Amino acid sequence: MEKNTQENKLIWTNNLRVLATISVILLHVSGQILIQYGKVSEFVWWTGNLYDSSVRFCVPIFVMLTGVLLLPKSYEIGDFIKKRFLRIILPFLFWSIVYIVFTYNVKISPNQEMSTPEIIIWSLDLLRSGTSPHLWYIYMIIGIYLITPIISKWVQNCSEKEILYFLIIWLIALILNQPVLERYITDIDVSYFSDFIGYLVLGYYLSVKTFKYSKSVVNIAAILLIVIGVCITIAGTYYLTNRDGKFNQYFYGYMTLNTLMVSTGVFLVFKNSTFSKSLKGIDFISKYSYGVYLVHVLVLFFLSKLGIEFSFLNPILSIPLTTLLCLILSVFIIYGINKLPYGKYISG
């Protein structure tokens, strides 16, 4: 029974990781449309909004999966840093350097010359917050990894009520941090319960939670969460954007109730799935998903230079096609690097 449970867990977490990976790419493809509000047709903008709003769960799901896979285990600090922490740091540093070289050659060198000391200072300044915008996630997940050995010991030795207590305070902190409630915020400091650490604990909690309701009832509730959350994201984004006359991404935030609803719903649907075995293609993509995340923005840039982006066909088709092509190229780039001597240490 234990073996079957572990195998099922590996299957649904792999499937969910691949969905989140594809969703990140789709998010970045469709996101190019949204900032052009007023410059593209309403049809094109709405298509981008529909696609993007539907996949805002991707980053929370990655963090929730970290909770599922890492929190049930016990770690010695030294072993954790060696086996887990360095595993994300080395590829991150490698691709950070790649993006520095890319940014310099594409955006800096054609316009100005820089001395070697200036390049070093400029590069270090980029590294401080991310050499590419999407790398913010790695900085966040590094912080999550630093606290994981401590949180893992806590969740393994506390009761369900204590975990629920943490999650309820986190939810309250999330609600109070919404701009509409700013006037009601007190000086009580709930920052210890804030941000992505809540998704980490939520992922663990939902993975071990046995609901008293049947799977079909839980799935119906999960699907309702997804539908309601996505509808709020779509309608809310349009309302605020139309009101401001420019793209307003408030409802796209990862710390909003609508995104939390969708992320929870998607997680539960996959947890309750009944796949008897994992598909090889899914396992293949899952294995290289971290590297895909690191490289995909570079791939999207070169695809756009070839005219392959949201506008090369009707966006209903071009967005998923561009996403699929980027995924395939990214996976095989990481696979190729991984096959090089010592490539597995830097590919991701």
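The model is predicted, and the residue numbers run from 1 along the chain as its sequence is written. Two of the helices, H8 (residues 197–208) and H10 (residues 257–271), have axes that come within 11 Å of each other, while helix H5 covers residues 116–129.

**How H8 and H10 meet**

- Two packed helices are described by the angle between their axes and by the distance between those axes.
- For H8 and H10 the axes cross at roughly 30 degrees and come within 11 Å, and the crossing is right-handed.
- On the H8 side the contact is made by Tyr199, Leu202, Gly203, Leu206 and Ser207, and on the H10 side by Thr259, Leu260, Ser263, Thr264, Phe267, Leu268 and Lys271.

**Helix H10**

- H10 has 15 residues and reaches 21 Å from its first C-alpha to its last, which is close to the 21 Å expected at 1.5 Å a residue.
- This helix is mostly covered, with twelve of its 15 residues buried.
- Among the buried residues of H10 are Thr259, Leu260, Ser263, Thr264, Phe267, Leu268 and Lys271, each of which also takes part in the contact with H8.
- The buried residues of H10 also include Asn258, Val262, Gly265, Val266 and Phe270.

**Leu206 in H8**

- Leu206 lies in helix H8 and is buried, with a relative accessible area of 5%, where buried means under 20%.
- Not counting residues up to four places away in sequence, Leu206 touches Met64, Phe211, Thr264, Phe267, Leu268 and Lys271.
- Of these, Thr264, Phe267, Leu268 and Lys271 are listed on the H10 side of the contact between the two helices.
- Leu206 and Gly143 are 63 residues apart in sequence, and their C-alpha atoms are 22 Å apart in space.

**Helix H5**

- H5 has 14 residues and reaches 21 Å from its first C-alpha to its last, close to the 20 Å expected at 1.5 Å a residue.
- The buried residues of H5 are Trp122, Ser123 and Leu126; seen down the axis of H5, they fall within an arc of 100 degrees, so they line one face of the helix.
- On the other side of H5, Pro117, Ile121, Leu124 and Arg128 are exposed.
- Just after H5, Gly130 takes a positive phi of about 130 degrees.

Technical notes. Predicted model: local features only at pLDDT ≥ 70, side-chain atom pairs only at ≥ 80, totals over all residues. Heavy atoms only, no water. Axes fitted to C-alpha atoms, helices over the stretch in contact; angles between N-to-C directions. Helix = DSSP H or I, 4+ residues; strand = E, 2+ residues; numbered from the N terminus. Left-handed = near helix turned anticlockwise from the far one by under 90°. Contact = heavy atoms within 4.5 Å. Expected span 1.5 Å × (residues − 1). Buried < 20%, exposed > 50% of the residue type's maximum accessible area, 1.4 Å probe, protein only. Arc of directions from axis to C-beta.
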